[in-house]
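Open the model in your viewer and keep the selection panel at hand. The tour goes from the whole chain to the contact between its parts.

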Amino acid sequence: MVQSSAAAASSSNSASTTDQRLIWINGNLIPRSEAKVSVFDHGFLYGDGVFEGIRIYNQRIFKLRSHLVRLMESAERIHLDPKLTIDEIEDLTRKTVAANNLQDGYIRLILSRGEGTLGLNPFSCPVPGVICIADSIRLYPEEMYRDGMKVIIAERPRIPVECLDPSVKSLNYLNNILAKCEAIRQGLYEAIMLNTKGEVAEGTGDNIFVVKDGVISTPAPDAGFLLGITRQFVIDTVAPACQRSVLERTLHLEDLYDADEIFLTGTAAEVIGASKIGDRIIGNGKVGPVTQEFTKTFREMVAQGAPED
Ligand code: PMP
C-alpha cells in the first residue's frame, strides 16, 4: 500500500526491526542488507513472475492455504514451475515468519522466473527464484475507517482478460500503478478501475462491494479482476456471520454513484468504507451500517484466531 507520511500512522509490533529482517532466498535465510537478486532475473527485467501478499495476525497466517493455492495457480498460468510443492512453500513461509519473530505483520511471497539471458524466452531461465519477505505492515490511519476513504474512477481501464488475465497476480503491476498515480495526483489513495467495457472491475489493490437498499453486490469474476482472498472471506464468512449474503453481478458506474454504501476489501486494507468518488458523495457521505458491521466482524474474526485454510 502506498502511503504518504501523514497516512503512515501506525505499524504493527514486532520483535525485530525492519533492518534486522531475515529474507528467504532460494533455500537460505539471508540478512536484509545482503538479500539481493540478479539484474538478469526475468522478474526484474520483465516483471516475469507472480506473488502474494499475506497478513499475520497474532502469529497466525490469515488464509495461508488460499494464498498458496492462488500463487500456484498464478504460476501455472504463466508456465512457471517453482520446483517446490505447495507444502514446501508453506514450510518456507512459516520458517521465515518464525525466524523474524513476528506476531503481526505482512508476508510477501515471490516466485520469479529466475536468472536468464537478456532475451524474453522464459525457458532460458533454468532456476526459478523463490523469495519470502516477512515484515511489519503500515496500515491506513484509523480515521479513514471511521470517516471513509475518498477514491476516484481511474481513466485507465483494467487490462483485458484476453491480454493478461488480472486474476493472475503477476509481478507486472504497471496497469494498477498507473491508475494509482491518477489517484495520487489528486491527493487520494485509491482508484476504482473499470474494464474496457466500462464495467466496474476493482480497485488498484482492493476489491469493491456496493450496498443498495440492503442488497450487497460485488462484480462477478468475468469483469476481470484479481479474485481477492479477503473478498472471498467476506462473501463466505463475514457476510453470513452478519446474517447477510453477497450477490456477484455486473456493476456499472451508476451502481457506484447510486450506492448507499461502498466498501473495499484487501489483505492490507481489510474492509474499508469509501465515502466519496471524485466530487460525488456516496450515500450520506458517512461510512454506512453494513460496512461498519463488516469491518468490525472481520477484525473480531482475525483477532479471535485467524483462519489459515
Ligand atoms: N485486487 C488487486 C489488484 C490486488 O492487488 C489485491 C491485493 N492487494 C486485491 C484485489 C485484494 O486481494 P486480497 O484480498 O487477496 O489481498
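Domain bounds here come from an automatic or database domain assignment. The model itself is predicted.

**Stop 1: the two domains.** Select 22-135 and colour it as domain 1. The C-alpha centres of domain 1 and domain 2 are 26 Å apart.

**Stop 2: the interface.** How many residues of each domain are in contact? Domain 1 brings 25 residues, and domain 2 brings 19. Between them, the two domains bury about 1800 Å². Carbon and sulfur atoms give 64% of that area. Now pick Phe51, Phe62 and Arg70 in domain 1. These three lose the most area to domain 2. Together they make up 33% of what the domain 1 side buries.

Stop 3: Show the side chains of Arg55 and Glu270. They meet in a salt bridge, at 3.4 Å from N to O. The count of salt bridges between domain 1 and domain 2 is two. Polar contacts between the domains come to eleven residue pairs, with both residues at pLDDT 80 or more.

**Stop 4: the domain 1 side by element.** Select helix H1 (42-46), strand E4 (49-57), helix H2 (64-77) and strand E6 (105-112). Each supplies at least two residues of the side that touches domain 2. Which element gives the most? E4 does, with eight residues.

**Stop 5: colour by class.** Stay on the side of domain 1 that touches domain 2. Ten of its residues are nonpolar, eight are polar and seven are charged.

Conventions
Residues are numbered from 1 along each chain as its sequence is written. This is a predicted model: local features need pLDDT of at least 70, side-chain atom pairs count only at pLDDT 80 or more; totals for chains, interfaces and linings use all residues. Side-chain values use heavy atoms; hydrogens and water are left out. Contact means heavy atoms within 4.5 Å. Buried area is the accessible area (1.4 Å probe) that two parts lose on being put together, summed over both. A salt bridge is a side-chain nitrogen of Lys or Arg within 4 Å of a carboxyl oxygen of Asp or Glu. A polar contact is a pair of N or O atoms within 3.5 Å; within protein, one must be able to donate a hydrogen and the other to accept it, and residues adjacent in sequence count only if both atoms are side-chain atoms. Helices (H or I, at least four residues) and strands (E, at least two) are DSSP runs, numbered from the N terminus. Ala, Val, Leu, Ile, Met, Phe, Trp, Tyr, Cys and Pro count as nonpolar, Asp, Glu, Lys and Arg as charged, and the others, Gly among them, as polar.
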